[in-house]
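Take a walk through this structure, one part at a time. Keep the sequence and the 3D view side by side.

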Amino acid sequence: MTPLSAVDLTDPEDREQQADITRRLLYFLNAPIVEHCRLRGVLPSPGAVRIAIRAGDDENARDFLYEIPNDAVTPYYVPGLLRTVLTGPQLHSSSDVDEVMGMALIRLRPQEITPDPEPEQGRALTAVRALSGPGDDENPFLIGFLMHGDGLLRLYLQRTDRPGIVGADIRLTEMPATALIASLPSLVEEDQYRQPSPDDPHCDLLVDLTNW
């Protein structure tokens, strides 16, 4: 059994990774990661993150602690990695299994696991969260959103240069649209993407960025 000891995350990259994964997994406090598997916590560990999962119903539930090395996968892929592990049979060597705080600790080898694709709702959450900062309450940029069509997300954005609301359509791809999200404030001002919005009374004009 691994002895208990204080954890000191001295590496700034470890701290950033830990914080990023914690934020990404908060959603699963209200929704199961997969059927009958719920998030119980995200714990710090040197060079890795440990994710506590309760599997099974109340009468037969078991608690697991999955350890994922920080240098093996980016935070974006952690939910998909967990979905793969929790939905299919996995073989673990005895050296990768331990016990911590009454939970079965399983050290994962991400290089040997193919993450499940992020569902559409998860990809929408990634985009919306990237545009929603706690410091934007007084002058918000994102003021609404709508999932529509085939993998499309309409973002309702408040223009900074003049009154009016822009509806910006983006495509929910498998990879996070980091560059697109960062460029949105300038892209919504470019005439080449703008078009009227006759069918959506919630915005003054539409910006089509689905092929950006």
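Is Tyr-76 buried or exposed? Tyr-76 has a relative accessible area of 9%. The limit for buried is under 20%, so Tyr-76 is buried. Tyr-76 belongs to the loop between β3 and α2. Gly-41 is 35 residues away from Tyr-76 along the chain, and their C-alpha atoms are 17 Å apart.

A word on confidence comes next. This is a predicted model. Its protein chain has a mean pLDDT of 86, and 90% of the residues reach 70 or more. Residues 1–5 stay under 50. For that stretch the model has 7 contacts beyond four places in sequence. Where pLDDT is low, the predicted coordinates should not be read in detail.

Strands of a sheet pair through backbone hydrogen bonds, either parallel or antiparallel. β3 and β5 are parallel, with 4 bridges between them. Leu-65 has Leu-105 in β5 as its bridge partner. β4, residues 97–100, pairs with β5 in the antiparallel sense, also over 4 bridges. There, Val-97 is partnered with Ile-106 of β5.

What lies in the largest nonpolar core? In soluble globular proteins, nonpolar side chains tend to be buried together. The largest nonpolar core has 25 residues, and Leu-25, Ile-51 and Tyr-66 touch the most other members. Two or more residues come from each of α1 (12–25), β1 (37–45), β2 (48–55), β3 (62–69), α2 (78–87) and β5 (103–107). α2 gives the largest share, 5 residues. Look closely at Tyr-66. Leaving aside residues up to four places away in sequence, Tyr-66 touches Val-49, Arg-50, Ile-51, Ile-53, Leu-82, Val-85, Leu-86, Ile-106 and Leu-108.

Next, follow the chain to another sheet. This open sheet has 5 strands in the order β6-β7-β8-β10-β9, and its pairing is mixed. β6 (142–148) and β9 (194–195) are at the edges. Each has a single partner strand, so one side of each lacks a neighbour in the sheet. β9 and β10 (residues 205–208) run antiparallel and are joined by 2 bridges. Opposite Arg-194 stands Val-207 in β10.

This sheet has helices against it too. α3, residues 120–131, lies across β6, β7 (152–158) and β8 (165–171). α3 runs at about 165 degrees to β6. α4, residues 178–187, packs on the sheet and touches β7, β8 and β10. The direction of α4 makes about 145 degrees with that of β8.

Return to the loops for a backbone detail. Most residues other than glycine have a negative phi, and most peptide bonds are trans. Which residues here take a positive value? His-36 is one of them, with phi near 70 degrees. His-36 sits in the loop between α1 and β1. Its relative accessibility is 52%. Exposed means over 50%, so His-36 counts as exposed. Met-101 also has a positive phi, near 55 degrees. Met-101 is in the hairpin of β4 and β5, which has 2 residues between the strands. At 62% relative accessibility, Met-101 counts as exposed.

Finish with the cysteines. A disulfide is a covalent bond between the sulfur atoms of two cysteines. How many disulfides does the structure hold? The structure holds 0. Cys-37 has a relative accessibility of 6%, so Cys-37 counts as buried. Cys-203, at 8%, counts as buried as well.

Note on methods
Residues are numbered from 1 along each chain as its sequence is written. This is a predicted model: local features need pLDDT of at least 70, side-chain atom pairs count only at pLDDT 80 or more; totals for chains, interfaces and linings use all residues. Side-chain values use heavy atoms; hydrogens and water are left out. A nonpolar core is a set of buried Ala, Val, Leu, Ile, Met, Phe, Trp, Tyr and Cys residues joined through side-chain atoms within 4.5 Å. Buried means under 20% relative accessible area, exposed over 50%, partly exposed in between (1.4 Å probe, protein chains only). Contact means heavy atoms within 4.5 Å. A disulfide is a pair of cysteine sulfur atoms within 2.5 Å. Two strands pair if DSSP finds at least two bridges between them. Axes are lines fitted to C-alpha atoms, for helices over the stretch in contact, and angles run from 0 to 180 degrees between N-to-C directions. pLDDT is the predictor's confidence in each residue, from 0 to 100.
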